[in-house]
Amino acid sequence: MGLDLLIRNATVVDGSGAPRYRADVGVQNGRIAELGRIRAGAQRTIDADGLILAPGFIDGHTHMDAQVAWDPIGSCSCWHGVTSVIMGNCGFALAPCKPQDREWFARCLEAVEDIPTEAMMAGIDWTWETFPDYLGNVERLPKGLNYGMYLGHSALRMYVMGERALDERATPGDLQRMHGLVQEALRAGAMGFSSSIATTHVTPSGSPVASRIADWTEIEHLVGAMAELNAGIFQIGPDISGGEAHQACLDRLRQLAVDSGRPVMFGTLSTRQGIDPLPWQSQVGAIDATVAAGGRMFGQTTTRPIIAIFSLKSYLPFDVLPAWQAVRSLPLEAQQQRFGDPEVRQQLVAAEANMKPRDNVLQGGGAATTDPRKPDYSNLYALRGVDLNDPTVEELARVSGKHPAEVMLDLMQENEDQLFVQLLVNESMDDVRGMLKHPRTLATFSDSGAHVCQEMGSSLQTHMLSYWVRDKQAFTLEEAIRMLTFDNASAWELPNRGLIRTGYAADLVLFDEAQVKPKLPTVEQDLPGGARRLVQKAEGIAATIVNGRIAIENGEATGDAPGQVLKGPLAS
């Protein structure tokens, strides 16, 4: 019997970190069946001469819980070689959820993750209530990616406690019920349990999300529910509002990891925001100390700065100002015409002086766009490419002799697609390099599916390959592929993924190492109901193969939906 797919003459970088080699790869029934010089025929043969064949990339920090309902290809991750994602991070999830709370859940996701409520209500066939129901729903949906999911703390709290979840501590009865639901989710296939105590995570009214009301006793109790079954990963958005709070959070997490025996994950970040921010070196030091004490702990880090994106078609820093609001309410072409009117332009530039002054309160991508402070123009870049060498608005203003706001008006008048990028955290690429080099951090944290018109992290994999491997030569290709594949598969305990080995799932990406890179993002209105989002594709990827079937070929979806639900070890 012939093979389903044969990839000939590939340069294989197998995910282990070992040196590359030339080989054919044969696929049968969704798995890698043969490696070497293959003589058997196949239903489809790809000549991969001159191309790299790697395991499909794995992204463990996404928020695609809603998007999976209406987007079968899994964009934008699918365009960057990603074949598997984990969603439900930071306690935000769509299950468990009572029918009367659906719109409230959607509005909370919009407040924190910039996923439009209208898109969710229009795009989701919301038929579930429990976590097992939701998992079963995702299992039935057509999927171009593999999806694993956490049980989210905020969702769990709201389900059990109702409105009390937003301002009260859990009672013993609440804890007992949540304990049982955590174990129910693990048995259904949850990857683990996620939570957040991050001060940037707020409800539509600006109050803390439900997980932030929980005390450490509650968190320890729920992680303990996983420990009783010896299964499940705990992921948390830490409190990074200031160095003292951050260190206290890490101390509690170290004890939790040691006492429970469950793996603990959180984002490692470098920032100048907040009160005496904790250096990244102290954060990875806390991870090392936890491991030395007998716990398991991983940091998650990006491959570049976390940013806020501004544009004429989405958010601008000045949208909070009445003078700007009058113009911004007009159609796009009319806005550009008003930008060219000398009197209007003068009013717009003068209004900038009325913006809130900058302070040291930590702002995530959401607040930076919806409640912005007066721009730091030395940290606001006019995007021309994806190589992180763009000019700042301050530099352009100095050369032109104009006010920075007027420089932005000029650029937007000339180009309706002009983007501006503000660095929020991980501002220093040297810091990013240091975090990526640490052996206990994971190259992930795209936030794909969230902040859909505020930031763009979905391209972290192609950015890793183009910027850190090809341009900076900070990592070999073999090292980078291992970080994007096997390291993540190991951390999330995904069996038979993350390596090119016979018997492993045929999740593969085929690309040109000299050409692979992200494209510039664009603002599109392609969400349900016509809501806007940032879209970013990639160059240099010939094919993305999921469970042995080609999902993306030369940047275009094939219409095949071979994705599966990734389940934890207790799933029946």
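## The largest cavity

In this predicted model, the largest cavity holds about 140 Å³ of space. A cavity here is a set of points, on a 1 Å grid over the protein atoms alone, where a 1.4 Å probe fits but cannot get out. Grid points are joined across faces, edges and corners, and the volume is the space filled by probe spheres set on the points. By this rule there are 7 cavities of 30 Å³ or more.

For the largest cavity, 14 residues make up the lining, and Phe92, Phe105, Cys108, Ser154 and Ala155 come closest to the centre. To count as lining, a residue needs an atom within 4 Å of a point. Helix 1 (102–113) and helix 4 (153–161) are the elements that give two or more residues to this lining, and helix 1 has the largest share, with 4 residues. Helices are DSSP runs of H or I with at least four residues, strands are runs of E with at least two, and both are numbered from the N terminus. By class, the lining splits into 11 nonpolar, 3 polar and no charged residues.

## Around helix 4

Helix 4 also lies across strand 8 (146–152) and strand 9 (192–196), running at about 50° to strand 8. Angles run from 0 to 180 degrees between N-to-C directions, and axes are lines fitted to C-alpha atoms, for helices over the stretch in contact.

Helix 4 packs against helix 7 (residues 216–229) too, at an angle of about 100° and with the axes 13 Å apart. The two helices are therefore roughly perpendicular to each other, a label that covers 65 to 115 degrees, while under 35 is roughly parallel, over 145 roughly antiparallel and the rest oblique. On the helix 4 side the meeting residues are His153, Leu156 and Arg157, and on the helix 7 side Glu218, Ile219 and Leu222. Contact means heavy atoms within 4.5 Å. This set divides into 3 nonpolar, 1 polar and 2 charged residues.

Eight strands make an open sheet with parallel pairing, in the order 6-7-8-9-10-11-12-16. Strand 6 (57–59) and strand 16 (441–443) sit at the edges with a single partner strand each, so one side of each has no neighbour in the sheet. From one strand to the next, the twist averages 25°. Two strands count as paired if DSSP finds at least two bridges between them.

Strand 10 (residues 233–237) and strand 11 (residues 264–267) run parallel and are joined by 2 bridges. Gln235 has Met265 of strand 11 as its bridge partner.

## The antiparallel sheet and a pocket

Another open sheet has 3 strands in the order 13-15-14, with antiparallel pairing. Strand 13 (306–311) and strand 14 (380–382) are at the edges, each with a single partner strand, so one side of each lacks a neighbour in the sheet. Here the twist averages 30° from one strand to the next. Strand 13 pairs with strand 15 (residues 419–425) over 6 bridges, and Ile306 stands opposite Val425 in strand 15.

Strand 13 and strand 15 each also supply at least two residues of the lining of the second largest pocket. A pocket is an open set of points with protein on both sides within 12 Å along at least five of seven lines. This one has about 320 Å³ of space. Its lining counts 21 residues, with Leu383, Leu388, Asp390, Val421 and Leu423 nearest the centre. By class, that is 13 nonpolar, 3 polar and 5 charged residues.

## Helix 14 against helix 15

Helix 14 (residues 393–400) and helix 15 (residues 404–414) pack at about 95°, with their axes 9 Å apart. That makes helix 14 roughly perpendicular to helix 15. Helix 14 brings Val393, Leu396, Ala397 and Ser400 to the contact, and helix 15 brings Pro404, Val407, Met408 and Leu411. The contact residues split into 7 nonpolar, 1 polar and no charged.

Most residues other than glycine have a negative phi, and most peptide bonds are trans. The bond from Ser75 to Cys76 is cis, with omega near 10°, and Cys76 is in the loop between strand 6 and strand 7 (82–87). The bond from Ala95 to Pro96 is cis as well, with omega near 0°; Pro96 is in the loop between strand 7 and helix 1. His451, not a glycine, has a positive phi of about 50° and lies in the loop between strand 16 and helix 17 (460–471).

## Ground rules

Residues are numbered from 1 along each chain as its sequence is written, and side-chain values use heavy atoms, with hydrogens and water left out. As this is a predicted model, local features need pLDDT of at least 70 and side-chain atom pairs count only at pLDDT 80 or more, while totals for chains, interfaces and linings use all residues.

Key: Nonpolar A, V, L, I, M, F, W, Y, C, P; charged D, E, K, R; others polar.
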